[in-house]
Amino acid sequence: MTDNHQPDQTDPADELVQAARTDRTAFGRLFDEFHPLIFAYCMRRLVRRAVAEDVTSEVFLKVAGSIRGFPGTCAEDFRRWLFRIATNEINAHLRQSIRRRELLESAVQMGRINSAVSAPLLDDNSPLDWQALYRALGELSDREQTIISLRFFAGLKHDQISELLELKAGAIRVALSRALEKLRERLRHHDTSQLVSPASKDGGN
């Protein structure tokens, strides 16, 4: 996969971002456009729909309360801001051990991740247990979980993640490669060694 992000392209939502600071209607249209994206990201990380809905609502409440001071000028700036807030809210939620247990219980009920998700994440076409993945993810640092989730759950490209986390794209690639190797090692530790290869690398750019 190749990054084709071109920041100089005009996004139809750019004008909405400019107007949303003072115009409730414009903010409502931004909400309608970006809510599904942020909810899907929260759902991937938090598994339970009710929890994902609550966290997504909290994200947009914070956005609504801070939109007047938002320093960005375009939809891409707004998108990065949303993902930054959502990531912080998700990580704060997951730091409570009881919530991690609830997530794992929900992951069991969800069964297995199909190959469309597990293949790009782990370079393997076999389905993967949600429980195994979330247990392994939970053993990584917040930053490692964030980078993996933004790349594979939210579908962001390396340059978008680097801008969101305010790190160089090269640093993101290195951090992602190391985080994936740690994840694969945790999964091997959880008796899923048949799913991954220690030499496999992230194939996206």
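The model is predicted, so local features need pLDDT of at least 70 and side-chain atom pairs count only at pLDDT 80 or more, while totals for chains, interfaces and linings use all residues. Residues are numbered from 1 along each chain as its sequence is written, and side-chain values use heavy atoms, with hydrogens and water left out.

The protein chain has 10 helices and 2 strands, taken as DSSP runs (H or I, at least four residues, for helices; E, at least two, for strands) and numbered from the N terminus. Their order from the N terminus is α-α-α-α-α-β-α-β-α-α-α-α. Of the 205 residues, 48% count as buried; buried means under 20% relative accessible area, with a 1.4 Å probe and protein chains only.

A pair of aromatic rings is described by the distance of the centres and the angle of the planes. Rings of Phe, Tyr and Trp (its six-membered ring) pair if their centres lie within 6.5 Å; planes under 30 degrees apart are stacked, over 60 edge-to-face, and the rest tilted. The count by this rule is 8 aromatic pairs. One of them joins Phe70 and Phe78 edge-to-face, at 5.8 Å centre to centre and 80 degrees between the planes. Phe70 counts as buried because its relative accessibility is 5%, and Phe78 does so at 1%.

Phe70 also pairs with Trp81, here stacked, at 4.6 Å and 20 degrees. Phe70 lies in the loop between α3 (49-66) and α4 (75-94) and Trp81 in helix α4, so this pair ties together parts that are 11 residues apart in sequence. Trp81 is buried at 14% relative accessibility. Ring pairs link Phe34, Phe70, Phe78 and Trp81 into a cluster.

Methods
Buried < 20%, exposed > 50% of the residue type's maximum accessible area, 1.4 Å probe, protein only.
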